Amino acid sequence: MITIDNKPIKLKIWDTVCSRETFNHLNSWLQDARQHANANMTIMLIGNKCDLAHRRVVSTKKENNLLKNMV
């Protein structure tokens, strides 16, 4: 939650584009959220489309490394 004009706002970032560019923007989006949100906010990163492994552009290893560095 962030507060704008004394109103609590739940921040959700949706990106359904499966690309390396999207993956590369995750850190920037999270930094922006952390800058403007409560320090105790919950962050969830959900990957879907596991049935489309043949179209994967970012390896599972890179995804896991990103997640480990986000904590």
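The dialogue below works through how to read several features of this structure, which is a predicted model.

Biologist: What should I know about the numbering and about the cut-offs used for this predicted model?

Modeller: Residues are numbered from 1 along each chain as its sequence is written, and side-chain values use heavy atoms, with hydrogens and water left out. Because this is a predicted model, local features need pLDDT of at least 70 and side-chain atom pairs count only at pLDDT 80 or more, while totals for chains, interfaces and linings use all residues.

Biologist: What is the mean pLDDT of the protein, and where is confidence lowest and highest?

Modeller: In general, where pLDDT is low, the predicted coordinates should not be read in detail. The term pLDDT stands for the predictor's confidence in each residue, from 0 to 100. Here the mean for the protein is 80, and 92% of its residues reach 70 or more. Confidence is lowest in strand 1 (residues 2-4), at a mean of 75, and highest in helix 1, at 84. The helices (H or I, at least four residues) and strands (E, at least two) are DSSP runs, numbered from the N terminus.

Biologist: How many residues does helix 1 have, and where is its kink centred?

Modeller: The expected span of a helix is 1.5 Å times one less than its number of residues. Helix 1 (residues 20-36) has 17 residues and reaches 26 Å from its first C-alpha to its last, which is close to the 24 Å expected. For bending, one takes the angle at a residue between axes fitted to the seven residues ending there and the seven starting there, and in helix 1 a kink of about 35° is centred on L26.

Biologist: Which residues of helix 1 are buried, and what covers them?

Modeller: An α-helix has 3.6 residues a turn, so residues three or four places apart point the same way. Accessibility is classed as buried under 20% relative accessible area, exposed over 50%, and partly exposed in between, using a 1.4 Å probe and protein chains only. In helix 1 the buried residues are T22, F23, L26, L30 and A33, and what covers the buried residues of this helix includes helix 2 (60-70). L30 lies in helix 1 and counts as buried because its relative accessibility is 14%. Q31 is found in helix 1 too, but counts as exposed because its relative accessibility is 54%.

Biologist: Which residues make up the largest nonpolar core, and which elements give two or more residues to it?

Modeller: A nonpolar core is a set of buried Ala, Val, Leu, Ile, Met, Phe, Trp, Tyr and Cys residues joined through side-chain atoms within 4.5 Å. The largest one is made up of six residues, namely F23, L26, L30, V58, L66 and M70. Helix 1 and helix 2 are the elements that give two or more residues to this core, and the largest share, three residues, comes from helix 1. As for contact (heavy atoms within 4.5 Å), L66 is in contact with F23, L26 and N27, leaving aside its neighbours within four places in sequence. Not counting residues up to four places away in sequence, L30 touches I43 and M70.

Biologist: How many salt bridges does the structure hold, and which side chains meet there?

Modeller: The definition asks for a side-chain nitrogen of Lys or Arg within 4 Å of a carboxyl oxygen of Asp or Glu. The structure holds one salt bridge, in which the side chains of E63 and R56 meet at 2.9 Å, N to O. E63 counts as partly exposed because its relative accessibility is 27%, and R56 is partly exposed as well, with a relative accessible area of 41%.
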